[in-house]
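Thanks for coming, everyone. I'd like to walk you through one structure today, so let me put it up on the screen.

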Amino acid sequence: MNQDHPETDNTHAAGDEQLLDQVQTLQAELEQVKADVLRERADLENQRKRVARDIEQARKFANEKLLGDLLPVFDSLDAGLAAAGDDPNPLREGLELTYKQLLKVAADNGLSLLNPVGETFNPEHHQAISQVDAPAGVAPGAVVTVFQKGYLLNDRLLRPALVVVARD
């Protein structure tokens, strides 16, 4: 210590304390900046994942309107096949071929057919329009008749099947 100039020691001590305070303040700011950077990175990563998920959903269901608009065409082809009977003839064969090709194109784009005859009634995929007494060999709650086939688009219901269900 400098006995001749004690004020010099106090000045050094005050300067050291001030520097120590500045270092602590800067360290606290650095920690805050690090925390902010980590939070921003996490937000960006979450946003990236959300955008990727939204793009995948949009891609998966982009053709929903088109396929929905084709459902009456499927219904008309079904009705035409039913009216043509079971006898093989060129018109029926052409109609069947057209129907199968259309179903394949739709299936390639995520559409699947719900034709639940004999299956247990599922309110998530079927819409019951009436009930009948269970015919012999048919379990209660099973679908007896399908009035209109239903369709799923990538496992999401596009149109429920209209069905008649066997009574309990």
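Let's begin on the outward side of helix α3, the face turned away from the buried one: there you find the exposed residues Pro90, Leu97, Lys100, Lys104 and Asp108. Please keep in mind that this is a predicted model.

Which residues of α3 are buried? They are Arg92, Tyr99 and Ala106. Looking down the axis of α3, these buried residues fall within an arc of 60°, so they line one face of the helix. And what covers them? The cover includes α2, residues 64–84, together with β1 and β4.

A word on the helix itself. It runs over residues 90–108, and at 1.5 Å a residue its 19 residues should span 27 Å; the C-alpha atoms at its ends are 27 Å apart, which agrees. At the start of α3, a side-chain oxygen of asparagine 89 comes to within 3.0 Å of the backbone nitrogen of leucine 91. Just after the helix, glycine 110 has a positive phi of about 100°.

From there, let's move on to β4, one of the elements covering that helix. This strand takes in residues 150–153, with Gly150 and Leu152 pointing one way and Tyr151 and Leu153 the other, and all of them are buried.

My last stop is β6, residues 161–166. Here 5 of the 6 residues are buried, so the strand is largely enclosed by the rest of the structure. How does β2, residues 126–132, run relative to β6: parallel or antiparallel? The two are parallel, joined by 6 bridges, and glutamine 131 has valine 165 as its bridge partner in β6. With β3, residues 143–148, β6 pairs in the antiparallel sense over 4 bridges, and there threonine 145 stands opposite valine 164.

That's my tour, and I'm happy to go back to any part of it.

Key
Residues are numbered from 1 along each chain as its sequence is written. This is a predicted model: local features need pLDDT of at least 70, side-chain atom pairs count only at pLDDT 80 or more; totals for chains, interfaces and linings use all residues. Side-chain values use heavy atoms; hydrogens and water are left out. Buried means under 20% relative accessible area, exposed over 50%, partly exposed in between (1.4 Å probe, protein chains only). Two strands pair if DSSP finds at least two bridges between them. The expected span of a helix is 1.5 Å times one less than its number of residues. The arc is that of the directions from the helix axis to the C-beta atoms. Contact means heavy atoms within 4.5 Å. A polar contact is a pair of N or O atoms within 3.5 Å; within protein, one must be able to donate a hydrogen and the other to accept it, and residues adjacent in sequence count only if both atoms are side-chain atoms.
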